[in-house]
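Dear colleague,

I am passing on the structure below, together with some notes on what I found in it. Please look at it alongside the text.

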Amino acid sequence: MGELVRVASVSEVESGKGAAFDVGEKRIAVFNKDGSFYALDDTCPHAGASLAEGDLEGDNVVCPWHYAEFNLETGTVGCPPAAEGVQCYRVVVEGDDLKVEV
């Protein structure tokens, strides 16, 4: 198991949206899907866009630049142009704190 690191408060990530946070040397996108929180690497492997700026569609986040899709739970790529997925992280909610396991 990794270390749990506080990244934000629950209120900082609006429902249906994402927000990016620096965790050590990583940039991690945290998404709020109807009160459930998910975390992925923020950088799209295709061209470097911030996934936190993408739209949530079902169980996926859609890259804002070229529309590659990544599963919120697994980080796997759902459609091109990305050829590989992104790392996902476990999110723990403790009171009003959002913590990510890195």
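With which side chain does the side chain of Asp42 make a polar contact? The partner is the side chain of Ser50, at 2.9 Å, where a polar contact is a pair of N or O atoms within 3.5 Å, one able to donate a hydrogen and the other to accept it, with residues adjacent in sequence counting only if both atoms are side-chain atoms.

Please bear in mind that this is a predicted model, in which local features need pLDDT of at least 70 and side-chain atom pairs count only at pLDDT 80 or more, while totals for chains, interfaces and linings use all residues. Residues are numbered from 1 along each chain as its sequence is written, and side-chain values use heavy atoms, with hydrogens and water left out.

Asp42 lies in the loop between β4 (36-41) and β5 (55-57), strands being DSSP runs (E, at least two residues) numbered from the N terminus.

As for the sheets, β5-β6-β7-β8 is the order of an open, antiparallel sheet of 4 strands, pairing requiring at least two DSSP bridges. β5 and β8 (77-79) stand at its edges with a single partner strand each, so one side of each is left without a neighbour in the sheet. Within it, Val61 has Phe70 in β7 as its bridge partner.

Best wishes
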